[in-house]
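Subject: Handing over a structure

Dear colleague,

Please find the structure below, with the sequence alongside. My notes on what was found in it follow directly after.

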Amino acid sequence: MGGAPWRWSRSKSVRSGSSTASNDVMMEEVPRGSTETQRRNGFKQSHAKDRGVAITEDITNGNYLCSICTEPVVTGNTREYSMWHCTQCYNVFHFRCVKAWADASGTMGVLGYKSWKCPYCQHLYEKIPSASCWCGKESFDLNVAPAGKPNACLKTCERSGVCKHGNASLCSKKCHPGPCTWNCTAICNQLPPRPIKPPGMVSRFRKRFKERPKGKLPGVIAMFMMICAVYTAIWFFVAHHIRWWAHPYEFPNFIKSSAAGWEVAMLIILGIFIIWPLLGVLLFSFSTEFGALVAHLLNLDTPTTKKTRKGCITLVMYGFLLVVGMGLWIGPWVGFCGGADIEWFYQMRNSCNGLNTRILMDSVTNPRYKFTFQSLTKSVKDTTFYLANHLEPEPNTNNPFQYYQRLSGSTSTTPNIAIDIDMQHNLWRMMSLNDTDVANNWTANAAKISGYAPGTKILQLPVVPMFKPINETIIRNGTFTDVTNAARHMHIPELGLSIANMYMFYQKCSFEPFMRVFNTSGLQGDAKGMASLLDSKWQGQYDDKVVMRTASFGHGRQKLSMCGKEGNAIDLGAQSVPVKEGMQDEMLVPFALMAAVRMRINETDYRSLDC
C-alpha cells in the first residue's frame, strides 16, 4: 500500500503490554509471532456465552485474530485500526485487510456494482466495505470510541429482524458486534412462542434472493430485454430474407435486381464483422451474469458443503447455457444461409399431393426435349414423350401449322398421340397417329446426340434413321389466348382450362416452379369468379381446382417437374372419353404449351432457363 506506513499501538500488540502505554511505533517494528507461537505462549480467548461480549473482550485483550492476515485485531485512534465485521457470520477483520480482499476478489456487475464475498462465510455483499462502527451508523474517526468499547458508538443498533413469535422487530442493544437481540412487541403478549425450526428450502431461497448482489437482477433483465430486441430485429430480417429468396411468386423481380446484391453485401459487412461479434459478446455476458445469479440463488457459490454435487450442478448449468448460447449465436446464420432452402423444401414437399403423374421436364440425358411420365399408380407404365420443331411451309400463304412444335408419345387411352402447338396463330390440335412418330422422336432427341461409329472409338454425327409414313387423325383442336402484362393468364376455352400467370412464365425463370393449371369449366361466364381463382396466392397444398402444376423438389431450386391429375380431370360432357387409369389425353395440351414455350425461349435466348 502507498502512503504513510501503518502505525501500531505497542500496548495493544504485545501480550504483556500495559494498557497505559501510549507510545506509538512503526508497524514494521512491532514483534509479531505466528498463530502457533501465540497459542503456545498463552493465547486465550474469552469464554463468554454471548458472542458479542466475547468478541469485545477478545479485541480488548488483544486475543482476536483477523482471519485474513492472522494478526490480532486491536484498537487504536488512527484509521489504520478501523475494523469491519460480517453481519452473517459476525467475524471481525482489519478494515484494511477486508478492503484489500474485496478489491482483489470482487467482480464488477453489468450495472457497475462491484460484488464480493466474506472471506469466512462466503456471504455475498453488493458494495465495497467502508470503515464504520458495528451498527454502521457512524464512520470511523480519530476519536477514541465514546462507548468505552472497541469500534462502538452510543447509538442503538436497530437492525431489523423477527422476535421469537415471528413478528418484525428492531434490535434494542447499543452498538455491538455479534448477533442482535430482537425483543417482543405489544402484539406478542397473547401469542405463544413460535417453535424454532430450521428454514426450509423455499425460505432459504427467499433469503438468498433478498441478499442477491445489488444490480445483478436488473442487469440480467436488461441484457435479456436487449437480447430479445436484437433477436426480434434479426427474426424480422430473416423472415423477409427467406420470403425474398424462396417466394418468387411474391417478389418476382427481387432475385435478378440490385437489391439482392445489396442485401448480400450488407449481410457480409454488417452481419459477419459487426453484428455477429457483438451478439456473441452480449450472449456471453448474459450467460455469465445469469449463471452467477442462479448459482447464488441455488447456493452453488459456497463450495464448503456438498462440493461434488454443487460442482456437478454448476457444470451442467453452465454446459446448458453454453449449448443454448451457441445455438442462439449460430441460429441467425442458419436462417440466413439455409433458411430459404429449408423454406423451399417445405413449401414444395406436399404441393403435388393428389396429382399422381410426375413429368420430369429437365431430364439428365437430354434436358427440355425428352420427358418421362411416371405414375404413382403401379399398374400404369412409364412413358416417354418427345418435343421437336416442325416446318411444313406453304408458299405465299399464312395458313396455320406451317411452323409448330409437336409433342408425341403414348398414353393408356391412345397408343400413339401427338399434340401440335402453333404459337404464332395461338392454335393447338390433338391427333391420333397410326404408328410411332420416329421423325419427331429423332429430331427431339437423337439428332442432338453424337455417338461412336460401330466397333470404333471415333465420334460421328447422328445417323438419320429410316422414317415411316405417318397417318394423322385429328381428335380435337382449339385455341389459346395471348398473354400480356395486363392479361397474365392463358385460357384454353375448348377444354375449360386456364394457366395462371403464364405471362410470368414467359418473363421470369424463377417463376417456373409455381405454375398452376386450373379447371375453370364452371366459370366461363363468371369473370369475377375466374379472376379471383386465377389471382389467388400460390400455396403448396392440394387444391381440387388445380389439375396440373409445376414443382421443383428439394432444398432450393432443383430440376423442374410437372404434376398432373389422373382420371377424368376435365369434364368435356358428351365428348369425354372415360379414363380408367393414367392421365386424360386432353391434359397433354397445357403441358405441351408450357414445354413449347420453354423450347422457344431457349432457342431464341429470350431468357435463361437456368435459374
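**Confidence and overall make-up**

In this predicted model, pLDDT (the predictor's confidence in each residue, from 0 to 100) stays under 50 over residues 1–41, a stretch for which the model has 58 contacts beyond four places in sequence, contact meaning heavy atoms within 4.5 Å. Where pLDDT is low, the predicted coordinates should not be read in detail. For the protein, the mean pLDDT is 83, and 86% of the residues reach 70 or more.

As to conventions, residues are numbered from 1 along each chain as its sequence is written, and side-chain values use heavy atoms, with hydrogens and water left out. Because the model is predicted, local features need pLDDT of at least 70 and side-chain atom pairs count only at pLDDT 80 or more, while totals for chains, interfaces and linings use all residues.

The protein has 12 helices and 23 strands, which are DSSP runs numbered from the N terminus (helices H or I, at least four residues; strands E, at least two). Of the 611 residues, 42% are buried, where buried means under 20% relative accessible area, exposed over 50%, and partly exposed in between (1.4 Å probe, protein chains only). Residues 24 or more positions apart account for 55% of the contacts with a separation of 6 or more.

**Nonpolar cores**

A nonpolar core is here a set of buried Ala, Val, Leu, Ile, Met, Phe, Trp, Tyr and Cys residues joined through side-chain atoms within 4.5 Å. The largest has 58 residues, of which F371, M502 and F591 touch the most other members, and helix α12 (residues 588–604) gives the most to this core, with 11 residues. Leaving aside residues up to four places away in sequence, F591 touches I359, M361, F371, F373, L407, M548 and M562. A second, separate core of 28 residues includes C86, C97, C118 and Y125.

**Aromatic rings and charges**

A search of the whole structure finds 24 aromatic pairs, a pair being rings of Phe, Tyr and Trp (its six-membered ring) with centres within 6.5 Å, counted as stacked if the planes are under 30 degrees apart, edge-to-face if over 60, and tilted otherwise. The rings of F237 and W244 are edge-to-face, because their centres are 6.3 Å apart and their planes stand at 70°; F237 is partly exposed, with a relative accessible area of 21%. F511 and F514 also form an edge-to-face pair, with centres 6.5 Å apart and planes at 65°, and both of these residues are buried. One aromatic cluster is formed by F237, W244, W245, F254, W276, W329, W333 and F336.

A charge sits over a ring if NZ of Lys or CZ of Arg is within 6 Å of the ring centre and within 35 degrees of the ring normal. R429 lies in this way over the face of F401, at 4.0 Å from the ring centre, and the charged end of R607 sits over the ring of F505, 5.9 Å from its centre.

**Backbone points**

F401, in the loop between β12 (383–391) and β13 (403–409), has a positive phi of about 60° although it is not a glycine, and at 11% relative accessibility F401 counts as buried. N299, in the loop between α7 (258–297) and α8 (307–349), likewise has a positive phi, near 60°, but at 25% relative accessibility N299 counts as partly exposed.

With best regards
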